[in-house]
Amino acid sequence: VTAESLEAALPASSAGTFNRYAILVTAAMNLARRRGWLDTIPAIERRKSPPGRLRWLTVPEWNRLRAELPDHLVPLAEFALATGLRQHNVTHLEWSQVDLKRRMVLIHADQAKAGLSIGVPLSDAATAVLRGQRGKNELWVFPYDGHPIGKIKTAWRKALKRAGIEGFTWHGLRHTLASWHMQRGTPLLVLKELGGWASMQMVSRYAHLSPEHLRAYVGNSTPQNRGTGKKSP
């Protein structure tokens, strides 16, 4: 068993597929070493995935999708779009995390991808969704038959198909929130805090959607006449 033989055997239809199998094989070899079956573990070099395009919804697309969603998914999708929270943070949101007086939702560190607690301020739209959920369940904000939805899949895909929307996932609601914020002039640093992104590098993916903040500086490279300080015609 060598790195070369493993790399040759792994599926290589895409960098992502190759890396997922590489992680699984490495985990199996780690287990084998702990049991004394292997002395060393060949290092499988990961492949770099090309940057993908961010798929977000236009307002008309969102309106079409919302109209096709089943009733139990409408408030979940509206809240996700209003807060940018990930699917599990929405489906498993508890009332103990909600403070309607302060208009805030707390995502605990063990519930956050970055491992840090996040205080999410609530917009009017997000607050309205929460108020509409009051009285449905004592523990869960978005219950379905008394429990959280495990995974949003089939009903979501069918709604997308009926709405004529392709290449979009539930996580795209987070991209949509960020895209709409940038198009309406929200600063990157503010967006980072609102959405709980771990770094500026992650949120800078949306910067190209709002070039207006660069407009004031585009003329700085125009040559100036010496001694006058005036720009050349």
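This is a predicted model: local features need pLDDT of at least 70, side-chain atom pairs count only at pLDDT 80 or more; totals for chains, interfaces and linings use all residues.
Biologist: What makes L81 a lining residue of the largest pocket?

Modeller: A lining residue has an atom within 4 Å of a pocket point. L81 is among the 19 residues that line the largest pocket, so L81 has such an atom. L81, A82, S123, L177 and H181 lie nearest the centre of this pocket.

Biologist: Which elements give two or more residues to that lining?

Modeller: They are α4 (74-83), β3 (118-121), α6 (124-133), α8 (172-183) and α9 (188-195). The largest share comes from α4, with four residues.

Biologist: How much space does the largest pocket hold, and what classes line it?

Modeller: Its volume is about 400 Å³. The lining has twelve nonpolar, five polar and two charged residues.

Biologist: What makes α5 a helix, and which pocket does α5 line?

Modeller: A helix needs a run of at least four residues. α5 covers 87-91, so α5 qualifies. α5 gives the most to the lining of the second largest pocket, with three residues. α8 also gives two or more there.

Biologist: Which residues lie nearest the centre of the second largest pocket?

Modeller: Q87, H88, K151, W170 and H171, out of 13 lining residues. The pocket holds about 220 Å³ of space.

Key
Residues are numbered from 1 along each chain as its sequence is written. Side-chain values use heavy atoms; hydrogens and water are left out. On a 1 Å grid over the protein atoms alone, a cavity is a set of points where a 1.4 Å probe fits but cannot get out, and a pocket is an open set with protein on both sides within 12 Å along at least five of seven lines; lining residues have an atom within 4 Å of a point. Grid points are joined across faces, edges and corners, and a volume is the space filled by probe spheres set on the points. Ala, Val, Leu, Ile, Met, Phe, Trp, Tyr, Cys and Pro count as nonpolar, Asp, Glu, Lys and Arg as charged, and the others, Gly among them, as polar.
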